[in-house]
Each structure stands twice: as structure tokens, then as C-alpha cells.
Amino acid sequence: MPHVSRRLDLLLVPESPTHEIPATAWQAMVDVGLFADDGTPADAEGLPSFARARLDRAGPTIYGNQQGGFSVRCPVTDEPVVSRLGGALAAWREGGAPTLACVCGEQHALEALRYRPPAAAGMNALVFADVDAYVLDNPARGHLARILGPFRLIPRRVS
Ligand SMILES: [Zn+2]
């Protein structure tokens, strides 16, 4: 029987794909008790159980499940555009805007595309590795919104 991955990560990706999480954010999150300085849990209220927190600075990327069945669609016509995503990412990495030249003729912001399962374009993300649930409640959510700015919550199954 094929093994189904049980490891789940919870990612917080800034809503604006070009937003860089400031270098001071890590210490600010430690200071309000979200986790210890090495990223291990500190029994913060509102967070799921997790193994480790870390800041991922991948540079321009799409955060999310990219295993079988990943789909990306035009927000206007709902046509599949996944074949154009690689080119859009490459152009962004080379200094272009985070947009996709769509089959419908428009330029779409990468964050406007429809991703299934949910995904988000970004430069960096806060990753809670090996969570037991996709939940984020106050007061942890409030602390994170204040420190990171507006973010999207992206679940990721890790193989
Ligand atoms: Zn389109």
C-alpha cells in the first residue's frame, strides 16, 4: 500500500508577494512567547502543536502543495494556466513583476490566481513544521499579524 505522508506544515505567507519579513521579526516573535529562540514550542496559546518554527527565505516562489493534482487557474475565465507559472516565476526571479501573462490576454498578479489546493506567491514564509492541525487562533494570530503584517495561511503536506 502506498505510504501517505502524515506530516503537515502550516505556512504564513505575506499577502503581498514582494513583502520581505524584516530581520527583526524573529526576535519579536520570541519576545511575545510564540516559540523559543531555536524555534521549538513555548506553549503559546492559539498555536497548534508543532515540532519547529522557522523563517523560510526561498526568494520568489509558490508556497503550497506541489504534489500531484496541483492546479492554477485564471481568475477571470477559470482556464488552467499552470503551464505558464514556471515562466512567470522565472521572470519574477530575474527582477520582473510577480505577474503571469494569461491565456485570457491579461496580466494577472500571482496572488490573484486560483490555486487548488491553496498556495501563495511569496519571497518568504514563517513555517510551523509538523503541526497537528491547521488552526491559528488568538492571541497568537494577533501577535503574528502585528509582527508579520497581513498574511495568508497555507497548509502544506510534506512528502
Ligand atoms: Zn486570465
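This is a predicted model: local features need pLDDT of at least 70, side-chain atom pairs count only at pLDDT 80 or more; totals for chains, interfaces and linings use all residues.
Reader: Which pattern of helices and strands does the protein chain follow along the sequence?

Author: The protein chain contains three helices and ten strands. Its radius of gyration is 17 Å, close to the 15 Å that the globule rule gives for 159 residues, so the chain is as compact as a globular protein of that length. Read along the sequence, the pattern is β-α-β-β-β-α-β-β-β-β-β-α-β.

Reader: Where on helix α3 do its buried residues lie?

Author: Helix α3 spans residues 140-148, and its buried residues are Ala-140, Leu-144, Ile-147 and Leu-148. Seen down the helix axis, these residues fall within an arc of 80°, so they line one face of the helix.

Reader: Which residues are exposed on the other side of α3, and what covers the buried ones?

Author: The cover over the buried residues of α3 includes β1 (7-14), α1 (25-31), β9 (125-129) and β10 (151-158). On the other side of the helix, the exposed residues are Gly-142 and Arg-146.

Reader: Is Asp-56 buried, partly exposed or exposed?

Author: Asp-56 belongs to strand β2, residues 52-56. Leaving aside residues up to four places away in sequence, Asp-56 touches Asn-124, Ala-125 and Val-127. A residue needs 20 or more C-beta neighbours within 10 Å to be buried, and 12 or fewer to be exposed. Because Asp-56 has 18 such neighbours inside 10 Å, it counts as partly exposed.

Methods. Residues are numbered from 1 along each chain as its sequence is written. Helices (H or I, at least four residues) and strands (E, at least two) are DSSP runs, numbered from the N terminus. The arc is that of the directions from the helix axis to the C-beta atoms. Two residues are in contact if their C-beta atoms, placed from the backbone, lie within 7 Å. The radius of gyration is taken over C-alpha atoms; the globule rule is 2.2 Å times the number of residues to the power 0.38.
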